[in-house]
Amino acid sequence: MPKNKGRNAFFFFMADWRKRMEAQGRKFPNGFKDVQQDPDCNEEWQSLTKQEKGPYEAMAKQDKVSSQIGSKDKKTSLGESISALEQKEKEALMFIKNMQENIKLIIDSAVNLNFVSQLKFCFVHVNWFFTRLVNNTCEYFPAEYAFGVFSLENGIEEVHHAIVSAKIPLGFRREALEMSGTTHNIPVEYQGGDTDFAVMYVKLVNFLESRKLVDQYPYLYTTRGLTQAVRSLIGKLCDEAEQDKEQFKIYDLESLFIHLANEGYKKRKDREIRFIPAYAENMFTRITYIFEKGIECDFHRYVDGGSEYCSKAVLYHWAWTLCDEFCEPFGVNTKPGIHYPSGSEPRLSEMENVMNKLKIEHAPSTSDFNAVLSMTGVSEQHRLKVSSRTSEEELRRRTESKPVQVIDCSKLQEPVGKSINKAIDKFVPIESPIEEKKYVSKYLNEKPLRPPNIDPFAYSSMEDFLLRDDESFPPIGGRGVSIKSRNPRNPKKAPLGKGQGHT
């Protein structure tokens with residue numbers, strides 16, 4: 001913005017000279033232009049002394065200060081004009097107001113004509129590599145985008161999808177790699193995508209050309225969290241193609257949901273009208289269809305194998321969410337593959353049939369359980385039998401069992417070991433020798449026990465912990481003698497060094 005400079009001293013002299021000349025009857029049709037070109041005015045200005053020019057110079061200085069004070073504007077910490085930001089905020093509020101009015105007009109007109117199911121909406125989703133600030137505005141460098149035409153009657157009818165392979169600017173490659181690895185997994189500068197943004201603009205215009213209404217492109221709907229990313233994509237395409245980006249209007253998908261719900265929820269008893277704004281904020285964040293296969297683009301189908309972040313798949317997620325909510329209220333018969341995933345209901349019925357046909361004989365035989373012992377020696381069959389007892393059976397078992405026999409070894413005449421063995425043989429008769437079973441590691445992923453990992457070297461005294469470094473570092477006597485060498489109990493003598501003159 002150019003600086004607002006004040007008027008100079010000659011300007012105020014011309015204003016004074018003009019008044020004096022007009023008082024004498026002279027006229028100046030072109031105003032100050034004629035006064036400036038008059039030779040008498042210039043000659044008189046040149047003949048003035050410094051003292052005579054002083055009042056005019058003071059007037060010019062005062063005018064300069066006044067102009068600077070009047071043009072001074074407050075700035076933000078980013079250097080943006082506060083008045084300009086206020087103007088942008090007013091324009092944004094006006095845009096939201098117009099958006100709400102336009103969507104309401106479209107839905108109300110379609111409801112009156114019973115035409116809601118045939119209404120067509122254009123959805124947009126964008127993935128990006130990195131973001132950066134350009135003129136205090138966040139710019140998204142696109143990696144993938146998808147435009148899809150949707151209606152309640154036909155679902156997603158057509159999709160325009162593109163993967164961007166443009167060169168990453170210097171300094172943003174690492175951020176692009178990190179974003180790709182955590183979200184869409186599209187390689188940086190992927191071979192096989194589009195590289196020219198001007199060509200991408202032409203393809204997009206050709207896709208939307210047949211859907212114009214009175215020389216106006218259809219409204220582009222996306223979620224509020226992606227509005228800035230979509231606006232950045234449209235701006236980049238239009239700038240590269242040198243076209244006006246104002247011809248594309250980006251609307252909120254949540255606002256479309258609210259106006260559809262205001263009419264559709266009147267026929268649904270499981271929804272409440274007063275909760276419609278809350279439904280709109282959370283409806284498009286559900287993960288109902290996030291893991292469905294077959295709706296993603298070719299790249300995510302054959303390279304990545306997932307549809308969670310694919311732009312094309314997200315369009316189907318949004319479409320199926322709207323179909324779940326509004327197909328029934330507006331009298332649309334749902335069809336697999338159009339209004340919901342094609343394999344969802346068959347998979348459910350198949351699972352129900354399998355569960356209904358499941359019988360008890362399909363369970364594994366208990367003979368295999370007998371050979372599987374836990375670390376305490378309890379078989380699997382016994383564990384299942386004990387765990388399946390009822391409280392009555394457990395009480396009866398405890399009542400019928402024999403009381404515990406207490407042996408007082410201090411009152412016995414024979415040695416303790418032999419007395420205990422006889423008492424055990426008396427109360428616990430052994431019918432057959434116990435057969436030792438080999439442990440089978442099949443129960444709960446158990447592994448056979450192994451001996452502890454103990455170093456065979458046993459430490460007998462504190463001196464065993466001392467470093468055994470006599471051979472590596474021979475002592476030289478005095479304070480340099482190692483502790484090991486000074487130990488009188490050590491039979492090993494340190495090797496002697498070879499002195500001077502040794503041959």
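# A walk through the predicted model

Of the protein's 503 residues, 32% count as buried. Buried means under 20% relative accessible area, exposed means over 50%, and partly exposed lies in between (1.4 Å probe, protein chains only). This is a predicted model: local features need pLDDT of at least 70, side-chain atom pairs count only at pLDDT 80 or more, and totals for chains, interfaces and linings use all residues. Residues are numbered from 1 along each chain as its sequence is written, and side-chain values use heavy atoms, with hydrogens and water left out.

Start with the overall layout. The protein has 18 helices and five strands. Helices (H or I, at least four residues) and strands (E, at least two) are DSSP runs, numbered from the N terminus. Contact means heavy atoms within 4.5 Å. Among contacts between residues at least 6 apart in sequence, 61% join residues at least 24 apart.

Now find helix α9, residues 253-264, and helix α12, residues 311-326. The two pack at an angle of about 15°, and their axes are 11 Å apart. That makes α9 roughly parallel to α12. Angles under 35 degrees count as roughly parallel, over 145 as roughly antiparallel, 65 to 115 as roughly perpendicular, and the rest as oblique. Axes here are lines fitted to C-alpha atoms, for helices over the stretch in contact, and angles run from 0 to 180 degrees between N-to-C directions.

Which residues make the contact? From α9 come L253, F257, L260, A261 and G264. From α12 come W318, L322, E325 and F326. By class, the contact has seven nonpolar residues, one polar and one charged. Ala, Val, Leu, Ile, Met, Phe, Trp, Tyr, Cys and Pro count as nonpolar, Asp, Glu, Lys and Arg as charged, and the others, Gly among them, as polar.

Side chains of opposite charge can pair when their charged atoms come close. A salt bridge is a side-chain nitrogen of Lys or Arg within 4 Å of a carboxyl oxygen of Asp or Glu. By this rule the count comes to 24 salt bridges. One of them joins E254 and R224, at 4.0 Å from N to O. This pair links distant parts of the chain, 30 residues apart. E254 sits in helix α9, and R224 in the loop between β4 (220-222) and α8 (227-241). E254 is buried, at 6% relative accessibility, whereas R224 is partly exposed at 35%.

Helix α5, residues 82-112, holds another pair. K104 and D108 form a salt bridge, with the closest N and O atoms 2.7 Å apart. They lie four residues apart, about one turn of the helix. K104 is partly exposed at 43%, and D108 is partly exposed at 23%.

Finish in the loop between α9 and α10 (276-283), where I273 is found. Is I273 buried or partly exposed? With a relative accessible area of 42%, I273 is partly exposed. Leaving aside neighbours within four places in sequence, I273 is in contact with A261, Y265 and K266. I273 and I258 are 15 residues apart in sequence, and their C-alpha atoms are 9.8 Å apart in space. R271 and D270 form a salt bridge too, with the closest N and O atoms 3.3 Å apart. D270 is partly exposed, at 46%.
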